[in-house]
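Colleague: Hello! Could we go through this model together, starting with how its helices pack?

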Amino acid sequence: MPSPTIVTLTMNPALDITTDADVVRPTDKVRCAGSRYDPGGGGINVARIAHVLGASVSAIYPAGGPTGELVTQLVHDAGVPLRRIEIANPTRESFTVNETSTGKQYRFVLPGPRLSAAEQAQCLEEVRREAATAKFVVASGSLPPGVPPDWYQQVADVCREVGVPLILDTSGGGLTHVKNGVFLLKTSLRELRECVGRDLATEADQLAAAHELVNRGIAESVVVSLGSQGALLAIGHHSQRFSAVPVHPVSGVGAGDAMVAAIVVGLSRGRPLPEAVRFGIAAGAAMLLTPGTVACTREEVEHFLRLVPDPEDVDALHT
């Protein structure tokens, strides 16, 4: 099999279960409609969308138990080449209920299996092996129990050693313990607040925080996703604002991962970073229209790309 252009790492994959219910209420039994099963976890979602967009991609992840077997079968069925690390404990489940009477969505996310030191070492060695011939590595998602909070710094160190750019999308301790070596950091506004430890009320505050991460050497560039408000890009001393495409969302699950997938696909095809971010916004919009973590199509992404305005330069807001 040819070496993949893009390698994704998912340390805490999940079996995503999605269903509908008329009303979600406490104590009473909630009668649900039919369920849908999808392979989940940040890097797996990125790999699935990158594959849909025609990129050469490979997904690395640890998996165990019956849920791990089903996740692996679903990744295989999606046509994504995979590198599974066998673990002793079962892969987690995530459960999403769409309340049809209100349009609200309820998401229940379990912590995941505990990984041993040996299992962690296998994951890191697989990243080193696959990254050696890749153009980009994407590490995305939460860390399961037993994995140290500086895990993504270890991944960044491996990527630097083999000379491949790392794109990182995570939160909490996994983000705050990263000190250097990231090519592109994608954060939500909440994650950016966690990282700098303060409120970010204005766009100027948000850009200043993103540039702070660049100036501290954590990442060469930072993309801040703002949902319906679009996105911000901080790179060097340059800032850009991107408008969102207005859509009526069916589900928000996986939209951020789709954004990351399209960004890395764009970069792997030689697009400048601002153009890759536009591609990412289009993919995020397309993903909003799919139920659960159902993958959007390439045609839908290309359609929305035509609707994404060119970015605005906002350097005056950053001092």
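Colleague: In which hand does α9 pass α10 in their crossing, left or right?

Modeller: A quick note to begin with: this is a predicted model, in which local features need pLDDT of at least 70, side-chain atom pairs count only at pLDDT 80 or more, and totals for chains, interfaces and linings use all residues. Residues are numbered from 1 along each chain as its sequence is written, and side-chain values use heavy atoms, with hydrogens and water left out. A crossing is called left-handed if the near helix is turned anticlockwise from the far one by less than a right angle, and right-handed if clockwise. On that rule, the crossing of α9 past α10 is right-handed.

Colleague: Thanks! At what angle do helix α9 and helix α10 pack?

Modeller: Helices (H or I, at least four residues) and strands (E, at least two) are DSSP runs, numbered from the N terminus. Axes are lines fitted to C-alpha atoms, for helices over the stretch in contact, and angles run from 0 to 180 degrees between N-to-C directions. α9 and α10 are therefore oblique to each other, as angles under 35 degrees count as roughly parallel, over 145 as roughly antiparallel, 65 to 115 as roughly perpendicular and the rest as oblique. With the axes of α9 (residues 273-288) and α10 (residues 298-305) 8 Å apart, the packing angle is about 120 degrees.

Colleague: How many nonpolar residues does the contact of α9 with α10 have?

Modeller: Contact here means heavy atoms within 4.5 Å. Arg278, Phe279, Ala282, Ala283, Ala285 and Ala286 of α9 make the contact with Glu300, Val301, Glu302, Phe304 and Leu305 of α10. Ala, Val, Leu, Ile, Met, Phe, Trp, Tyr, Cys and Pro count as nonpolar, Asp, Glu, Lys and Arg as charged, and the others, Gly among them, as polar. By these classes the α9 contact with α10 has three charged residues, no polar ones and, to answer you, eight nonpolar.

Colleague: Nice. Where do α1 and α8 meet, that is, which residues of α8 make the contact?

Modeller: The axes of α1 (residues 42-52) and α8 (residues 255-268) cross at roughly 55 degrees and come within 8 Å. That makes α1 oblique to α8, and their crossing is right-handed. Gly42, Asn45, Val46, Ile49 and Ala50 of α1 are in contact with these residues of α8: Asp257, Ala258, Val260, Ala261 and Val265.

Colleague: And how many of the residues of α1 are buried?

Modeller: The helix is mostly covered. Among the buried residues are Gly42, Ile44, Arg48 and Ala50. Of the eleven residues in α1, the number buried is nine.

Colleague: What about α6 and α7: in which hand does α6 pass α7?

Modeller: α6 (residues 189-196) and α7 (residues 203-215) pack at about 60 degrees, their axes 10 Å apart, and that makes α6 oblique to α7. Leu189, Leu192, Cys195 and Val196 in α6 meet Gln206, Ala209, Ala210, Glu212 and Leu213 in α7. The crossing of α6 past α7 is left-handed.

Colleague: One for the loops: is Thr27 buried or exposed?

Modeller: Thr27 is in the loop between β2 and β3, and has a positive phi of about 70 degrees although it is not a glycine. Exposed means over 50% relative accessible area and partly exposed in between that and the buried limit (1.4 Å probe, protein chains only). Because its relative accessible area is 82%, Thr27 is exposed.

Colleague: Last one: how far apart in space are Pro149 and Gln240, C-alpha to C-alpha?

Modeller: Pro149 is in the loop between β8 (136-140) and α4 (151-162), and at 40% relative accessible area Pro149 is partly exposed. Pro149 and Gln240 are 91 residues apart in sequence, and in space their C-alpha atoms are apart by 31 Å.

Note on methods. Buried means under 20% relative accessible area, exposed over 50%, partly exposed in between (1.4 Å probe, protein chains only).
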